[in-house]
Amino acid sequence: MSVKNKIKKISFNRPEEEICGFVIHDGKKYDAIKCENKSLNKDQSFLIPAKVFLSIKNKYRIVAVFHSHIDTNENPSEFDIIMSDSLCYPFVTFSTKTKKFSKYIPKHTETEESEIDKIIQ
C-alpha cells in the first residue's frame with residue numbers, strides 16, 4: 001500500500017479525531033508510521049510526545065510529520081506552520097472533509113520538496 005493510501009486509511013479509521021504520525025524512509029522504502037494522538041482535544045489538534053519522536057528518529061530517517069484535519073480543509077493551520085518551522089520537518093496534512101492532501105515545507109529542512117510530492121501525488 002502506498003504511503004498516501006495508508007495515511008488516508010488511518011485517517012478514515014478514526015474520523016472523529018486528528019490522526020498523526022511520521023512519513024519515514026528506512027533506507028529501502030517509504031512508510032507511514034501512525035502514532036497515538038496524546039492531545040487532550042483530539043478533534044482539534046494532535047500531540048506526539050518528544051520521547052516518541054526521538055524513538056522514531058533513532059530508528060528511521062523522518063521525511064515528514066503527517067496528520068489529518070477532520071473539520072477543515074487540507075491547508076496547514078497557522079499552528080501547523082509554526083510547528084513545522086520549529087521542528088524543521090515538512091508537514092503533510094490530509095483532510096477527511098475534502099479528501100485532499102497538502103504539504104508545508106519549512107525553510108530549514110533536509111527533506112526535498114520533490115520527495116514529498118512523490119509521496120502525496
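I looked up Cys 20 and found it buried, with a relative accessible area of 0%. For the terms, buried means under 20% relative accessible area, exposed over 50%, and partly exposed in between, with a 1.4 Å probe and protein chains only.

I noted the ground rules. This is a predicted model, where local features need pLDDT of at least 70, side-chain atom pairs count only at pLDDT 80 or more, and totals for chains, interfaces and linings use all residues. Residues are numbered from 1 along each chain as its sequence is written, and side-chain values use heavy atoms, with hydrogens and water left out.

Next I searched for disulfides, that is, pairs of cysteine sulfur atoms within 2.5 Å. The count by this rule is zero. Cys 20 is in none; its nearest cysteine sulfur belongs to Cys 35, 5.8 Å away. For Cys 88, the closest cysteine sulfur is also in Cys 35, but at 19 Å that is too far for a bond. Cys 88 is partly exposed, at 31% relative accessible area.

Entry two, rings. I counted five aromatic pairs in the whole structure. Rings of Phe, Tyr and Trp (its six-membered ring) pair if their centres lie within 6.5 Å; planes under 30 degrees apart are stacked, over 60 edge-to-face, the rest tilted. Phe 22 and Phe 53 have ring centres 5.9 Å apart and planes at 50 degrees, so this pair is tilted. Both residues are buried. Phe 53 also pairs with Tyr 89: centres 5.9 Å apart, planes at 70 degrees, so edge-to-face. Tyr 89 is buried at 12% relative accessibility. Elsewhere, ring pairs link Phe 12, Phe 94 and Phe 101 into a cluster.
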